[in-house]
Amino acid sequence: MSAHRLRRNRTLAEALDACGQIERSGLGVDLMIQAAVRRGQSLPAFDEPDGREVRVTLFGPHDPDIIERLGTLPEATWDQLTTHELIALDAVRHGVARSQVAPEAARHLVERGLIEPGGRGDAPYVYSGMLETTGGQGLLTFPVIRALAEYPKGASLSELATAIGTRDTRALKRTLQWMRRSDLAYTTGRTRGARWHLRRGRILDLLQEDTTD
């Protein structure tokens, strides 16, 4: 691999430099990926159409919930994350199955306290409690429990949203992730086909504890 680097488009390089997106040759890609992850944007797409030039596509739409969550991380933490760890952190946002996330990168994120296993088997990772922004407020726990009780074979995210009558999918996702971390719910299936299930035994145990107290 040659160590020689060439700025194929000097005007683009100067524009990105002025915007603070590159600091020196070789860092631009890392910074673009980090910026996308921090804002909940799709990762940059790279294409080499003719083998001589690289085309980069940056995506504008962002996720305010992700900005709020990841905005709590100090700059020192971002500086320590490798490109592989950034891509793994983005995979958590998309609910990618655990087996599809780079094991070493995921392990480092777990050690840093940024993510945690979301359930048994191949269930996706979830953001850790340190990234929870609601502090328990704004969660739909009881409506979700009542709705899941009506779905013995599990319910999809859209079915739950309809059942509890909410359009706030971000709050619904936060609630489900909190319930999974608290061992009140679990998932089967993957990504869009995932279905949520209530851990009825766990709910009954908690109710009995409350009654005893």
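My entries follow, starting with confidence.

**Confidence.** I am working with a predicted model, so I checked pLDDT before anything else. The protein chain averages 79, and 80% of its residues score at least 70. Then I went through the elements: helix H5 (residues 83-93) has the highest mean at 93, while helix H10 (residues 200-212) has the lowest at 62.

Next I looked at strands S5 (residues 185-188) and S6 (residues 195-198). They pair in the antiparallel sense, over four bridges. Which residue of S6 is the bridge partner of Tyr186? I found His197 there. Six residues lie between the two strands of this hairpin, and I noted that Gly189 takes a positive phi near 85 degrees.

**Helix pair.** For two packed helices I want the angle between their axes and the distance between the axes. I took H8 (residues 157-164) and H9 (residues 169-181): their axes come within 11 Å and cross at roughly 110 degrees. Angles of 65 to 115 degrees count as roughly perpendicular, so that is what I wrote down for H8 and H9. Is their crossing left-handed or right-handed? I have H8 and H9 down as right-handed.

Then I listed who touches whom. H8 brings Leu157, Leu160, Ala161 and Ile164 to the contact, and H9 brings Leu172, Lys173 and Leu176. I sorted the residues of this H8 and H9 contact by type and got six nonpolar, one charged and no polar.

Conventions:
Residues are numbered from 1 along each chain as its sequence is written. This is a predicted model: local features need pLDDT of at least 70, side-chain atom pairs count only at pLDDT 80 or more; totals for chains, interfaces and linings use all residues. Side-chain values use heavy atoms; hydrogens and water are left out. pLDDT is the predictor's confidence in each residue, from 0 to 100. Two strands pair if DSSP finds at least two bridges between them. Axes are lines fitted to C-alpha atoms, for helices over the stretch in contact, and angles run from 0 to 180 degrees between N-to-C directions. Angles under 35 degrees count as roughly parallel, over 145 as roughly antiparallel, 65 to 115 as roughly perpendicular and the rest as oblique. A crossing is left-handed if the near helix is turned anticlockwise from the far one by less than a right angle, and right-handed if clockwise. Contact means heavy atoms within 4.5 Å. Ala, Val, Leu, Ile, Met, Phe, Trp, Tyr, Cys and Pro count as nonpolar, Asp, Glu, Lys and Arg as charged, and the others, Gly among them, as polar.
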